[in-house]
Amino acid sequence: MGWRIGVDIGGTFTDVAVLEEASGRAGIAKVSTTPRDFGAAVIEGTRAAMDEYRIAPDSVTLISHATTIVTNALLESRGANVALVATRGFRDVLELRRSARADLYDLFQDAPSVLVPRRQRLEITERIDAQGKIVTPLDEAELDALVGSIRDLDGVEAVAVCLMFSFLNDAHEQRVGERLRAALPGLPVFLSSEILPEIREFERTSTTAVCAYVGPVLTSYLERLETALGELELPALHVMGSSGGVLDVAGALRMPAAAVESGPAAGVIAAQRLGDQIGRANLISFDMGGTTAKASLIENGRIETTSEYEVGGQGNVGRWLHGTGHPIRVPVIDLAEVSAGGGSIAWLDPGGALRVGPASAGAEPGPACYGRGGDRPTVTDANVVLGHLSRTHLLGGRLPIDAAAATHAVRANVADPLGQGIMEAAAGIVSVVNHGMAEALRIVSVERGHDAREFSLVAFGGAGPVHAAALAEELDIPEVIVPPIPGGFSALGLVATDLRRDWSHTFYSPIESIDLDGLNRRLHELEREAEAMLRGAGIPEPDRAVERAADCRYTKQAYELTVPLAGGTVTRATLEALARGFHGQHLRTYGHENPEEPVQMVNVRVTAIGRMPRVEFHTSPDGESAPAAAAAAPGEPEREVWFGKPVRCPVIGRHDLPAAQSGPGPGVAAGKGANRGESARSGRPGPFIVEEMDCTVVVPPGWRAALDERGFILMTRNHTDGAK
């Protein structure tokens, strides 16, 4: 029997999910994250999972990893010392950036830091024009001086090369790269024509600089991790990419920016697989961990990706707040992320208003209730005070909880300064963090023109099921789904995804006058690379797929939408279908279209997909999804929980829930990707608490919950047939 292993590093815990391929049985091991050496927790957790589930090394068919190394290096400014080579006169592209600002009315807003200081931004004489023609030949005599200048810089660890219009003609850039690689062996050299051969000078330079900045850090981490996993006699490591597929290590190191949101991407993939399995086509995935909460929308079974993304900024990271971070033009699953997690710290601003986050207690020292030295109130502490979480232990008894420390932290830092009672203060903390997370859900649904009432909320992460019902009420979402091992569901997504890699290239032309021969040649070149990658990865031919897309826009627009492009030889009929697809997507995205307006192609994209055998998630019929299931049994039959007033609530296990009824999912209109499957209409009415080893599910008054045949918890509101 083969096993797959997925490892996801979180802000507080590192989750290791295991999946038995033949049966679909899933399990999890959790260990504390080790911020000083993330790899230590990966190895510790992998060993623990293999021991607990009696997994032999030779039975492991896949080990995938979602890493935070890239994001952390940018957020904490701990990347490599980089030199940048640019066309003479253009070394300040990174500094000039765009005019986008997070707050238009903040005159004192600081721009994001520049990854490469000016003294390390070097120039070389050459020039290619906007048609790809050589205007000024590359000055070969300057190459030796360029090599010497890089050698003279103190401690350069990587070089980024970004010459003007190299995406149209890369002859000069390739020559510079060839000379640098020959003269400076062992020094990573990242060429923009290899990283991102696309239009837009700043974004191309930024993406290449990000790859150079994080590349050596990622290389060091993955090499050490591969060595340690090799000692466990495990197969080659794969890394989750931000577009929703795994890469081999070599692919990840060629394009380090592709791993920027690997953990959140894995969770969305797992939610999509869940929807396929239980008949829910419209889902909003909600992942709340120790430091952040992430939301993404799945419509008609499809996940949206975007190439408009910023990382390394403050507050919301992603496509929703421009001007705060470093743009990267790589496909990223379209999600909204907020600094709201179990470890988010509650504090009072100078005006006396209650705030939560963005600072987090993390894994060290962690929330006050963990008893590891933390003394500031966190969301987890507030939930302990309210009784939403056990006041004695978590993780099936493996993590003792100090309720007195949680109470003291909330009272000293929030309740007493505000003149409130302890329960009122704790409820205020939860209310504030819920408001921030509800905004993330609105961003991916309501603000994108979707009716949240037509979707089900998939709640996971260690803290997600605690807050899910309150968030669903906020947006009038009729159903919440809690999957098996919710605390490690993102890690489970790592073993349920496909091998995937993306290529792109600028092809700039109005669709009506496009050069068909040139377009077909370009697509063929990209597809040849994609097929070579799949062959090299050992993917059988029936399991290989190559997909196309094009970035299109109306001629007077500045940004594009990505539209699927049919396979085979591109003809005029193919382009007409592409234009119709763009008009339709523009209507869905922005609420209007203009079929009379000419459409312009900007970039072509090719995605290689190596399909992994499909598996289904479930717990076993007897309720034991793991040998440790007995340890997940509730430690108390009932406890007092605060729902605006103290209520004595039963505390049960997942498999104590009644069976769900068959029928369509609640609240979703037919004809709009209607959710089909079992419903919790006849489930157990709240309030009550469901406790598991890796998470707690809060079922408040007005809700009910049931269990489907695979072990998924389905929660619905009591008024499923009506609005508020």
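1. A disulfide is taken here as a pair of cysteine sulfur atoms within 2.5 Å. By that rule, this predicted model has zero disulfides.

2. Next, a helix pair. Helix H1 covers residues 38-52 and helix H7 covers residues 201-231; their axes come within 10 Å and cross at roughly 25°. Because angles under 35 degrees count as roughly parallel, H1 and H7 are roughly parallel to each other. Their crossing is right-handed.

3. On the H1 side, the contact with H7 is made by Phe38, Gly39, Val42 and Ile43. H7 contributes Tyr221, Leu225, Ala228 and Leu229. By class, the residues of this contact are seven nonpolar, one polar and no charged.

4. Arg200 deserves a look in the viewer. This residue lies in the loop between helix H6 (192-195) and H7. Its phi is positive, at about 90°, although Arg200 is not a glycine. With a relative accessibility of 11%, Arg200 counts as buried, because the cut-off for that class is under 20%.

5. What is Arg200 in contact with, leaving aside its neighbours within four places in sequence? The list includes three arginine positions to check, Arg98, Arg329 and Arg553. Ala558, Tyr559 and Glu560 are also in contact with Arg200.

6. Arg54 is another non-glycine residue with a positive phi, here about 55°. It is found in the loop between H1 and strand S4 (60-66). Is Arg54 buried or exposed? Its relative accessible area is 69%, so Arg54 is exposed, whereas Arg200 is buried.

7. One joins Gly357 and Pro358, with omega at about 0°. Pro358 sits in strand S22, which runs over residues 354-360.

8. Another cis peptide bond joins Gly686 and Pro687, where omega is about 10°. Pro687 is found in a loop, between strand S33 (684-685) and strand S34 (688-691), while Pro358 is placed within a strand.

Conventions: Residues numbered from 1 in each chain as written. Predicted model: local features only at pLDDT ≥ 70, side-chain atom pairs only at ≥ 80, totals over all residues. Heavy atoms only, no water. Axes fitted to C-alpha atoms, helices over the stretch in contact; angles between N-to-C directions. Helix = DSSP H or I, 4+ residues; strand = E, 2+ residues; numbered from the N terminus. Parallel < 35°, antiparallel > 145°, perpendicular 65-115°, else oblique. Left-handed = near helix turned anticlockwise from the far one by under 90°. Contact = heavy atoms within 4.5 Å. Nonpolar A, V, L, I, M, F, W, Y, C, P; charged D, E, K, R; others polar. Buried < 20%, exposed > 50% of the residue type's maximum accessible area, 1.4 Å probe, protein only.
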